[in-house]
Amino acid sequence: MLEGREIIVGVSAGIAAYKAAALTSLLVQSGFGVTAVLTRNAHRFIGAATFAALTGRPVATRSFDAGAYPLGAHIELATRADLIVVAPASANLLAKSASGSADDLLTTLLLCAECPVLMAPAMNSAMWAKASVQRNIQQLLDDGITIIQPGSGWLSCRQTGAGRMAEPDAIATLIGSTLVDRPARSRIVGKPL
Ligand SMILES: Cc1cc2nc3c(=O)[nH]c(=O)nc-3n(C[C@H](O)[C@H](O)[C@H](O)COP(=O)(O)O)c2cc1C
């Protein structure tokens, strides 16, 4: 029933970016059309080639790419998207989104989004416990974003605690249940008025 729905997987810069590849693969296997949008720093953690191969599509990173997206990538991707999931959502991405900042493709796209937006935070437990991070989480919840709570467990900083990104299969299940009762978006982009 959900086959062909368009999902954008936004990937920001954290160790859990490797889990975004597993999530992407699960979504593709479920029949979704998936486009990956990576922040510049996400490329330090995982290669665009992985997402290009998994999705069968180019990876979007640049805000200004008139050849591929004449209307602006943020506009074209937002218009097509049935759902945007940001996984992992870095503390930086959460802060920028909570304040309405739009200084790169992913944050600009999030400002244009008219579809459901899910964010899966992932960070060190000290970062996750910071008042500023929790303020941003509350702001995003108030703005209608679905926050997929991180779990507790082994963190790459060699500590055990809160901040571990939700598992890809749990995120994929939530995406399915979010979309199941929603009609598919129109795919008309760039038609003359
Ligand atoms: C080794 C390493 C691991 C990091 N892991 C995380 C992380 O799990 N979560 C997080 O919020 N930031 C993490 N950071 C910091 C972010 O990468 C940094 O804030 C970056 O500017 C975020 O960029 P972006 O939000 O534009 O993707 C890490 C940095 C390094 C060097």
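Modeller: Methionine 119 stands opposite isoleucine 147 in strand E5, and strand E4 (residues 117-121), joined to E5 by two bridges, runs parallel to it. This is a predicted model, in which local features need pLDDT of at least 70 and side-chain atom pairs count only at pLDDT 80 or more, while totals for chains, interfaces and linings use all residues. Residues are numbered from 1 along each chain as its sequence is written. Helices (H or I, at least four residues) and strands (E, at least two) are DSSP runs numbered from the N terminus, and two strands pair if DSSP finds at least two bridges between them.

On these terms, five strands form an open sheet with parallel pairing, in the order E2-E1-E3-E4-E5. Strands E2 and E5 (146-147) stand at the edges with a single partner strand each, so one side of each has no neighbour in the sheet.

Strand E1 (residues 6-11) pairs in the parallel sense with E2 (residues 33-38) over six bridges, and glycine 33 in E2 is the bridge partner of glutamate 6. Between E1 and E2 the chain passes through helix H1 (residues 17-29), and this β-α-β crossover is right-handed, in that, with the strands pointing away from the viewer, the path from the first strand over the helix to the second runs clockwise. E1 is also joined to the parallel strand E3 (residues 83-89), by four bridges, with isoleucine 84 in E3 as the bridge partner of isoleucine 8. Five of the six residues of E1 are buried, where buried means that 20 or more other C-beta atoms, placed from the backbone, lie within 10 Å of the residue's own.

As for the packing, nonpolar side chains in soluble globular proteins tend to be buried together. Valine 85, leaving aside residues up to four places away in sequence, is in contact (C-beta atoms, placed from the backbone, within 7 Å) with Ile7, Val9, Gly10, Leu118, Ala120, Ile171 and Ile175.

Technical notes: A residue is buried if 20 or more other C-beta atoms lie within 10 Å of its own, exposed if 12 or fewer, and partly exposed in between; C-beta atoms are placed from the backbone. Two residues are in contact if their C-beta atoms, placed from the backbone, lie within 7 Å.
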